[in-house]
Amino acid sequence: MLSFLSKLRGGMSAAEAVSKSAAGDLVVIDIREPGEVSVTGKAKGALAIPASDLKIKANPTHAGCHIALKSGKPVAVYCASGARSAMVTGLLKRLGHKEVHNIGGLGHWQRAGGAVTC
């Protein structure tokens with residue numbers, strides 16, 4: 001359902017994110033806390049950056065920014081259900097990321113055929 005609503009708003013579906021991530025055309029960020037990631041794993045290729053660390057690790061002008069987030073590539077974020085990731089899309093845009101998508105939760109990624117790693 002979230003994927004369908006995302007498409008209606010002109011966003012990116014989880015299936016599109018899986019495809020674009022595999023092609024290297026998208027940076028995917030898991031914004032859940034480390035304890036959550038350790039229990040369920042994360043999307044293959046995703047950066048694990050808790051929402052509380054995004055102001056530094058996703059800020060291209062900050063020395064602590066993750067190198068992948070300095071590329072200018074579109075960014076997709078997810079959490080457990082899609083609620084927290086919806087809240088951080090605005091922050092990422094304010095930090096200078098031009099194209100940011102909330103793809104929902106890890107379950108949306110998995111249902112779209114995305115692999116999960118530990």
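Start by selecting S13, which sits in the loop between helix 1 (2-8) and helix 2 (14-22); helices are DSSP runs of H or I with at least four residues, strands are runs of E with at least two, and both are numbered from the N terminus. The model is a predicted one, in which local features need pLDDT of at least 70 and side-chain atom pairs count only at pLDDT 80 or more, while totals for chains, interfaces and linings use all residues. Residues are numbered from 1 along each chain as its sequence is written, and side-chain values use heavy atoms, with hydrogens and water left out.

S13 has a relative accessible area of 9% and is therefore buried (buried is under 20% relative accessible area, exposed over 50%, partly exposed in between, with a 1.4 Å probe and protein chains only).

Next, select strand 4, residues 75-79. Five of its five residues are buried. V75, V77 and C79 lie on one side, A76 and Y78 on the other, so both faces are covered by the definition of buried given above.

Now show the neighbours of strand 4. Strand 1 (residues 27-30) runs parallel to strand 4 and is joined to it by four bridges; two strands pair if DSSP finds at least two bridges between them. Here D30 stands opposite Y78. Strand 5 (residues 100-105) also pairs with strand 4 in the parallel sense, over four bridges, and V77 stands opposite N102.

Finally, select helix 5 (residues 83-94), which forms a right-handed β-α-β unit with strand 4 and strand 5. Right-handed means that, with the strands pointing away from the viewer, the path from the first strand over the helix to the second runs clockwise.
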